[in-house]
Amino acid sequence: MLFTFLVALFAAPLYLLYWIKWALAYAAIRLYSAFQDKRLNAYDITALGDPIKLGFLVPPLEKQLESPFPDSHLQEAADEVAFYGVNSKSECLLVRLARGCDHKADAWIYLKLANGKTYNLAETTGHQQSSDGEGKTFTCGKLQTHYLSPMRRWRIFYCGMLKEVSENKKDAAETVFVKFVFLWTSASDIYDCTFETNPCGFATAMARSEWRVPFVPPTQKLKDALNYYAQTGIINGTVSINDGSDYEMYLFGKKFRSLGKSASIAGCKFTSILGNVPSTGFSFQLSSISVPYAFKNLPFGFIVDGNGTLSPLKNLDINMKPSSTENLRSFFKANFFADEEYEISGNINEPYVFYSGQGWSGFLEMSFVEYKVNNRKGFGLIMSGEVYNETKSLPAKSEPSISFPESVPLTVQFTEESAQFGEISGGKGSSLGKLTELSEKEGSFIVPKGIVVTTSAYDEFVTQEILDAVKDLENIAYGNVSGDLKSACKKVSDIVENTLLPNKICHSVIEDLKDIFGEEVNQHRFAVRSSATGEDTSAMSAAGQMDTFLGVQGFKEIFVAVKKCWASQFGYIAVEYKRRYGQILNSPMAVVIQDMVACDVSGVLFTCDPVTNNPSVITITANYGLGETVVSGSVEPDTFVLRKKENGRIAIDEVVIGTKCQKITMQDSGGTVTEDIDEHSRSESCLTKKAAERLGKLSLQIEKYYKSSRDIEWGILNDDIYILQSRPVTNGAAETDHEMKHEFDAPLRCEGEYFTVANVGEVMPDATSPLGIEMITKYFRNIVIRQAIEKGFTDKFMSSMYYLNGMLPFCNHMLMTVAELFLRYGIDSQMTKGFMISVFGRILDDPDLISFAKQRVKQNAPKPPLLTQCRFVLRYYWDLFFFDWGMKKVKAKIENYEPDHLNLSTADETFDAILESCSDFDEAAAMHIDCSTSSSNWNMNMFMILCEAKQSFDNDVYSDFAQLSGTSSNVESANVPHAMQEVADQIVKDISSEEFKSMTAEEAGE
């Protein structure tokens, strides 16, 4: 007794100090929240005429938050995006991309299939590829992800090597080629980890921790650390292993976005549990985090129930029991409170360890878990880790950068730094500038010398006559005027070729070529190639679309070839190609003039499989003479398939001797000639295995330099390797059939969802266009939300700006969820049965469906205030008797509507006017919903009266209901129930009801 008293006596000051700190922290949190606007608060359902606030367009802030942040942010904060998903087959996916400075990035991949095999990324640090100016792509090596619609849809793509581990781990891990494409689709509103989500919990965590400055709560540090938001969603896509058949996966999980300051989480220790119950759609994130001198065991996260309702986490207690020699799997238990109390417990599998070096430095142990919550089996991940204490270190050495010249010259040599800018030298020219720099550095290959006639020279060359002809071509190409596109293309090309080349361009070409080759320049033969800006990028390649001229000799012929290259971008094929990819027809174009080498053997090399993009494969195609026969595909070349091994080793896997009946060689007098190859040479490989291995090793150097898979043109003369061109491989991330089919699919809430085509399937029985889906769902969503507010009740049908529910598209066909349709009036109520009759034409009595709907009912949900209930009842009866009041007024308004955009002169004005008219027809939509709802309510009331009179529900009720419905006048569908009843009576009369039930649909139709 005395001991207890003494302990309490000494602990009293500590308790008092704790509560003082708690009060200070809570007051600081509330004060900060009062003066801080919510970050994600862009929508206003009453803002008529505003397409952004009404949700027709994505707000700029959402695009900004979902896009890669600028380098200035990366200096002190994280910029990472992660996805995770699980399902009842124990399949799992975790993908994380974290950007760092100097184009560095971290990538995590964990993939678990139903067969128990797991796949993870051996090398987690890589290079960020350029996003080609779109500014929405996160990349690291072979992994890339970008939003299709911010905070709604993302694409996740990987095509590379992963380490495969079997479930029993008896087999040694091996590296395999894995390609996957997933679409993530949001299934909840956004959890934005702000002070408002859990002020009491955050104050408690701060009060537990020591503070550097007494009685000054570290509120700013907490804010900087928890710059984070997340959403639940589904991950749907395909996986292939070692070029095998596609394996489809459908996962339930989340997307995370972390932007917190690195200094604010130094020394942090954390544990997170991510889980989903596939049978019910219950999903959660439970996180506990501690940071020295800031907060201790801070709970943050959220739960999303089967209806899609998101509730922030308030309290969390996690206990983990370590594994033992008897039980290799450890055990965990967590108690938490969000909207109510929950308890989960389960087993933890052996962990995988990931390391982070970008955004934050530390490690994370991740384990796949199975657990029980509310007697339902769930799956997920448990992650524990630590962020290393911040250490002062020298800044990383960045690659020296070159500056864009103040004035662009008319010509540049490959050796000049300015030649490496695509805006100056085009795709081919800039690549040759970079290859020349690499050649001088490595000394293992040669780039033939040459110059680039720059885009500045093209601007100098273009005359008003050319511009007028291009304008005419654009009008025909874009359908503004009628005309023959081929003839218009030829007209522009002819004008370009017949226009004189300005003297200043001619002098610049002559001076640069003489500077390189001296007075013997006229003895050299050149390849003159078009080099357009935007071509030969990772997004697309324009190979073969524009002209190349080989063996050009003498300045006069060079000048003619330059003009022909410029003219070739207006060729019919090139114009069609540009239209397809949304490029401007008259794009800035450079021209490459490169010394030709009379190679003995030439060809093309891919540093990955050109068909599957398998990065472990190098493919070489070769033929005698110049490489034009290989590039153009005019002969069947020899093919070498090489395999990349560990430690940079190369091994020849396969050699296929092609027929290669012809070759192209250079003539002494200029130009080229096609020659036949003798029988003996045809039957032999034109390239030795030693030379193929040399090319393979050299290609690894070039691939490492560019940090991407390459398509390389090469040649060999006197045992010297010449690299003539290098461009990125472009077909790797092409859309798959699966994602095109399911891109606009709504998310499933769980694996056993119920849908119907009743009502909506009658209105839209066929496939709906993407624009139609967007318009219909957003338009009616706004009306439903607005009416729910006006009527004073909560409606889960079409209730969110971020995900679709209620009316949903699948494979571009519109469906409706069944549970949400009759949850409004309660399970088993007479009103619900009447509503079923109205919508489905029958009572839905499937026991599994009823059980599923009951799971969606929130237990112990608070009743709305009495005033709200009264308002709802009054509005119900008003609509019931006066639902068509004002219909004539709305009808007249629609009939007399004059679209403003028809009277405007520019495309921008017209587009803005169309957007501003987004709510012009809201009254008509509201009237449509009121009429449909009230009509159903009358049906429900009739049905309830008949059931009460009969004291049961049987065929007589159906029959009476059909007769009453048939007495309505001026209602097209009123006779349907009665007609159905007559058909049923006739069937019973002709054959027994039991015999009819036993028939197939085909037999009954006959």
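## A quick tour of a predicted protein chain

The protein chain in this predicted model averages a pLDDT of 85, and 90% of the residues score at least 70; pLDDT is the predictor's confidence in each residue, from 0 to 100. Over residues 391–397, though, the pLDDT is below 50. Beyond near neighbours in sequence, that stretch has 3 contacts in the model, where a contact means heavy atoms within 4.5 Å.

**Ground rules**
- Residues are numbered from 1 along each chain as its sequence is written, and side-chain values use heavy atoms, with hydrogens and water left out.
- Since this is a predicted model, local features need pLDDT of at least 70 and side-chain atom pairs count only at pLDDT 80 or more, while totals for chains, interfaces and linings use all residues.

**The whole chain**
- You'll find 29 helices and 38 strands in the protein chain; these are DSSP runs (helices are H or I, at least four residues; strands are E, at least two), numbered from the N terminus.
- The C-alpha trace spans about 110 × 90 × 60 Å along its principal axes.
- Out of 1006 residues, 50% count as buried (buried is under 20% relative accessible area, exposed is over 50%, and partly exposed is in between, using a 1.4 Å probe and protein chains only).
- Take the contacts between residues at least 6 apart in sequence: 66% of them join residues at least 24 apart.

**The nonpolar cores**
- A nonpolar core is a set of buried Ala, Val, Leu, Ile, Met, Phe, Trp, Tyr and Cys residues joined through side-chain atoms within 4.5 Å.
- The largest one has 48 residues, and Phe202, Phe295, Leu298, Phe300 and Met366 have the most contacts inside it.
- Leaving aside neighbours within four places in sequence, Phe300 touches residues including Tyr191, Phe202, Tyr228 and Leu313.
- There's also a second, separate core of 46 residues, with Leu410, Ala488, Ile505 and Phe555 among them.

- Helix α22 (residues 866–882) packs against helix α25 (residues 922–950) at an angle of about 95°, with the axes 9 Å apart.
- That angle makes α22 roughly perpendicular to α25, a label used for 65 to 115 degrees.
- Where they meet, α22 brings Arg875, Tyr876, Asp879, Leu880 and Phe881, and α25 brings Asp930, Ser934, Asn937, Trp938 and Asn941.
- Tyr877 and Asn937 are 60 residues apart along the chain, yet their C-alpha atoms are separated by 9.7 Å.

Methods
Axes are lines fitted to C-alpha atoms, for helices over the stretch in contact, and angles run from 0 to 180 degrees between N-to-C directions. Angles under 35 degrees count as roughly parallel, over 145 as roughly antiparallel, 65 to 115 as roughly perpendicular and the rest as oblique.
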